[in-house]
Amino acid sequence: MIFDGSPFGRQMEDEDSGSDFDRIFWALNDGVQPRDPVSLPDSMPEPIPFIGSRDLVVLPNMVIPIIVARPRSLAALDSAMAGDRLIFVSASRPSSPGDGEDDPVYTIGTVCLIVKNFRNPDGKARVILHGLFRGRIERWVDREPFDRVKAVPRPDSPFVKTIQAEALMRQVVEQTEKLFQLNPVLSPELLSVIQSTEDPGILSYLIASNLGIRSFDLQKIYENRRPLPRLQRVLYFLNREISLLNAKRKIQQDAKGEIDRNQRDYFLREQLRAIQKELSEGPESSGDTASFAEKIGESGMPKRVRGEADRQLERFSRLHPESAEAAVVRTYLEWLIDLPWKPNPPARIDLGKARRILDRDHRGLSKVKERILEYLAVRTLNPEGRPPILCFLGPPGVGKTSLGQSVAKTVGKPFVRVSLGGIHDEAEIRGHRRTYVGALPGRILQGMKQAGVTDPVFMLDELDKVGTDFRGDPYNALLEVLDPEQNRNFSDHYLNVPYDLSRVLFLATANTIDTLPGPLQDRLEIIVIPGYSEEEKKDIAEHHLWPRQRREHGIQARRAILDGEALTQIIREYTREAGVRGLERVLGTLCRKIAVQTLNGEKGSLKVRTDSLETFLGTPPFRDVSEERKPLVGVVRGLAWTPAGGDLLFVEATLMKGRGHLTVTGKLGDVMQESAQAALTYVRSNPAAFGVETDFWNRKDIHLHVPEGAIPKDGPSAGITMAVAIASAASGRPVRGDVAMTGEITLRGRVLPIGGLKEKLLAARRFGVREVIIPSENERDLSEIPSEIRESLTIVPVKRMEEVFRRAFSDASKDDHGT
């Protein structure tokens, strides 16, 4: 607007003069100019009529049509038209919208000029308002018969035109141009007005009035008298509107593209259907439907499963072959057809042949083989019976999985192995529901499809390494698989039909049963495979491992000869394990060295002897150290059971000045720490037995340590070992270096039985121990120990700690000289 030096000009410029008012009116009213010339008064009337607007903020330089319906507002409008045509307009607060007499309104509003006033036949008035300038209500003058207020102008604060101000205005204009490109509804004439406006205050009003800003936010902008901060706020809403329009355009383009694709596919399918009709051909899936129907009829499915297969086949025939749903149904039908459904006639097992196969494939393990033959005999006599599930328990490398393969050979059935190590999802056992993308049956039915028969030998390997998390408990699913009462109707989530697993010969393997739930252990018959003796390892290496490694490395038998003494040294000094897996790796290393020498042109046979082992294999990692066999004060050799077999455990004790405190280190578990406390209490309660004074422990602290502190250790069987170490440190008497012991101690000095005796005796023999002290109640377990182990060790059963001390401390000096 252009005025004569004050907020109220004398007369608006001529219509052809290109005033702001004319340009704005033309832009917002489709170029229609007012018929009558508009004159502005010399001063603001006092008081001025008032109209409250609903959800509308009228800005200066804004030309806007409104409809006036309330009698009070119509009376205020008539009063303004009778005078100088000025009226004060203010927006209602959002808490109580409306224009009633009790409606709260903002005190900041706009003094407007009534450009046009049309009365409708229904009494309502259509009014075109032109916002002139901002004003503030100081007080209400009248409320009847219409509202009149005393208002004062609230002009913008002066501003200095700086580089920053010019940059802000350019940024606003550029963003406005982008907005007009995205929104074709906006008038191009309005853009011309905005581009030619140089006043930041007027520019902010022009843009804000066309952004669709909420009345609350627009009122906040309007109340700001500083032009540049107000324009900065308008820029924020301008950028927001552009972002919304860009997102809207992208959504429309994506939706239009999807509609176009669907229409194209529809027309192509209709054309294809018409062509097929003209050629008298059926749909593309008719051949697949006929093939599926034939295979379903030949599969031997039970009645209930056949009904589900027919239902899915009918559904498949109605689907378009290229649709995603058809692919899901096709995969489901293929799984139903590929699974074995027809039961095979029971085969009679030749126990003599089975025994020969087991003896050929496995050395030793006589009790294990005997139990397997009993199991096979029962299945032969009663194929419909429900025998227990055999679980081979033992350390790695003892032949648990190969035993299952041998069982499959004896019964002449396919062998299926499923490794359960690391499984956390129940769906790995039961399968995924078909609602998921890429769903498949669980590993049980995948194994049955792989076997191709209803009665394979099915091994669940690494049963103890199944995990549990938020996706479910796989052990609960295995309960149904391994329970003979339930697996006749095993339900996989993918197939959703019952499948009979009762004919499957299930076997399982595990390194430990500590992690298995009780209900699952109840369904298993545990067969312990403790490990191999030195003689058994040597026999296995000579008849199985060494020939197999020679074949795999392409070395002829006459080219590489392994001396028996060299093999014994490899077992003793290069491997210390319960199984033979590490032994096979060492033999593989030996074959690789021989293969290199062969290609280097060395002629003749190569015999591996003890004196050449270090040339091939390097320094032995487990060579005996003489210091370990010397009698030492406070150092005792114990025996421990681990999932990898038995192991030798050194327990060290030392004394220092103190007040009788006990320190235990070596990453010991709670049970083992309690055993240390019990051992110390027993030794302290019998000072005379060790030649120490009564108040000895009040002056000494004791530190008990078990080396290899990074390895967790627990269990009660080291109780007597700790007691001997403490007694040795207190009395200064050395403990024999060729004695190892195991047993739980009580406060009264009794020695209680332990578990894992065979593994511990095997470990004692591996480490060159000559005498082993065991609880007397474990003497009955010696019948299960191989004779070669019993004959190579002096096994001393004891009942009380007094007997342990006599055996541990006796002949110490003689032992130091090599006995």
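This is a predicted model: local features need pLDDT of at least 70, side-chain atom pairs count only at pLDDT 80 or more; totals for chains, interfaces and linings use all residues.

Q: Fine. How many helices and strands does the protein have?

A: The protein has 27 helices and 26 strands, and buried residues make up 48% of its 819 residues.

Q: Let's look at a sheet. What is the strand order in the open sheet of five strands?

A: The order is β8-β9-β12-β7-β13, and the pairing is parallel. The edges are formed by β8 (415-419) and β13 (524-528), each of which pairs on one side only, and from one strand to the next the twist averages 25 degrees.

Q: How many bridges are there between β9 and β12?

A: Strand β9, residues 457-461, and strand β12, residues 505-510, are paired in the parallel sense over four bridges. Within this part of the sheet, F458 stands opposite F506 in β12.

Q: What holds paired strands together in general?

A: Strands of a sheet pair through backbone hydrogen bonds, and the pairing can be parallel or antiparallel.

Q: Changing topic to β17: how many of its residues are buried?

A: Strand β17 covers residues 635-642, and six of its eight residues are buried, so the strand is largely enclosed by the rest of the structure. It is joined by two bridges to strand β22 (residues 739-741), and the two run parallel, with R637 standing opposite A740 in β22.

Q: Now the helices. At what angle do α3 and α5 pack?

A: Helix α3 (residues 163-182) and helix α5 (residues 200-208) pack at an angle of about 20 degrees, and their axes are 11 Å apart. Angles under 35 degrees count as roughly parallel, and α3 and α5 are therefore roughly parallel to each other.

Q: Is that crossing left-handed or right-handed, and which residues meet there?

A: The crossing of α3 with α5 is left-handed. On the α3 side M169, V172, V173 and T176 take part, and they meet P200, L203 and I207 in α5; by class, the residues of this contact are six nonpolar, one polar and no charged.

Q: What about α3 and α4, parallel or antiparallel?

A: The angle between α3 and helix α4 (residues 188-196) is about 175 degrees, with the axes 10 Å apart, and that makes α3 roughly antiparallel to α4. The contact is made by V173, T176, E177 and F180 of α3 together with L190, L191, I194 and Q195 of α4, and these divide into five nonpolar, two polar and one charged residues.

Q: And how do α22 and α23 pack?

A: Helix α22 (residues 670-684) packs against helix α23 (residues 719-731) at an angle of about 45 degrees, with their axes 8 Å apart, which makes α22 oblique to α23. Their crossing is right-handed. The residues in contact include A676, A679 and L680 of α22 and G719, M722 and I726 of α23, and the contact as a whole has nine nonpolar, two polar and no charged residues.

Q: One more helix, α16. How many of its residues are buried?

A: Helix α16, residues 474-482, is mostly covered, since eight of its nine residues are buried. Among them are Y475, L478 and E480.

Q: Why does E480 count as buried?

A: The cut-off for buried is under 20% relative accessible area, and E480 is buried because its relative accessible area is 11%. Leaving out residues up to four places away in sequence, E480 touches R430, Q486, N487, N489, F490 and S491.

Q: And which residues does Y475 contact?

A: Y475 counts as buried at 5% relative accessibility. Setting aside neighbours within four places in sequence, its contacts are L463, D464, K465, V466, T515, L516, P517 and L520.

Notes
Residues are numbered from 1 along each chain as its sequence is written. Side-chain values use heavy atoms; hydrogens and water are left out. Axes are lines fitted to C-alpha atoms, for helices over the stretch in contact, and angles run from 0 to 180 degrees between N-to-C directions. Angles under 35 degrees count as roughly parallel, over 145 as roughly antiparallel, 65 to 115 as roughly perpendicular and the rest as oblique. A crossing is left-handed if the near helix is turned anticlockwise from the far one by less than a right angle, and right-handed if clockwise. Contact means heavy atoms within 4.5 Å. Ala, Val, Leu, Ile, Met, Phe, Trp, Tyr, Cys and Pro count as nonpolar, Asp, Glu, Lys and Arg as charged, and the others, Gly among them, as polar. Two strands pair if DSSP finds at least two bridges between them. Buried means under 20% relative accessible area, exposed over 50%, partly exposed in between (1.4 Å probe, protein chains only).
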